[in-house]
Amino acid sequence: SYVLEDRLGDMMLSIYGEAEQMKQTRLVREEAERHRREQERKREEQRQQYNAEVDRSLALVNCAADYEIACRIRTYVSVMEKAHSNQDLSARASWARAKADWYDPTVAKEDELLGRREHEKSQESKGPQHKGYRW
């Protein structure tokens, strides 16, 4: 048996040791959580950068495709004018060149009926498409 007052110092040291151990455990846990959040933030940032790069690349490809269409239309009009030099194709050629300017992202001319072409979008989503009811 012992006197409680004699053991009070030992008990205080034991309590202090336990408290310090709990504090260290908490600090390690908090540091691990900070590290996990930082890794998650970096992954999210990298994902966003990747997705932005994919979007920019797709927009570039879509603009290049529009430019290619515009060049093909212009070439076609020139060939048709040469092949049919005895006919007056000026109205049709003028219309076709205006459509080429609408397709061409370097010109980006707005069409009276079709509006402005959104060159960065995919070919399927930027028309032109028929309007009206579908069955």
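Me: What is a polar contact here, and which side chain makes one with aspartate 111 in this predicted model?
Reply: A polar contact is a pair of N or O atoms within 3.5 Å, one able to donate a hydrogen and the other to accept it. In this predicted model, the side chain of aspartate 111 makes such a contact at 2.3 Å. The partner is the side chain of lysine 99.

Me: Which residues is aspartate 111 in contact with, leaving aside its neighbours within four places in sequence?
Reply: Aspartate 111 lies in the segment after H2. With those neighbours left aside, the contacts are Lys99 and Trp102.

Me: Is aspartate 111 buried or exposed?
Reply: Its relative accessible area is 12%. Buried means under 20%. Aspartate 111 is therefore buried.

Me: Why does glutamine 123 count as partly exposed?
Reply: Glutamine 123 lies in the segment after helix H2 (90–103). Partly exposed runs between the buried cut-off, under 20%, and the exposed one, over 50%. Glutamine 123 falls in that range because its relative accessibility is 27%.

Me: How many Å apart in space are glutamine 123 and aspartate 66, C-alpha to C-alpha?
Reply: In sequence, the two are 57 residues apart. Their side chains are joined by a polar contact of 3.3 Å. From C-alpha to C-alpha, the separation is 8.4 Å.

Me: With which side chain does glutamine 123 make a polar contact, besides that of aspartate 66?
Reply: Leaving aside neighbours within four places in sequence, glutamine 123 is in contact with Asn62, Ala65, Asp66, Ile69 and Arg117. The aspartate 66 side chain is one polar partner. Another polar contact, at 3.3 Å, is with the side chain of arginine 117.

Technical notes: Residues are numbered from 1 along each chain as its sequence is written. This is a predicted model: local features need pLDDT of at least 70, side-chain atom pairs count only at pLDDT 80 or more; totals for chains, interfaces and linings use all residues. Side-chain values use heavy atoms; hydrogens and water are left out. Helices (H or I, at least four residues) and strands (E, at least two) are DSSP runs, numbered from the N terminus. Buried means under 20% relative accessible area, exposed over 50%, partly exposed in between (1.4 Å probe, protein chains only). Contact means heavy atoms within 4.5 Å.
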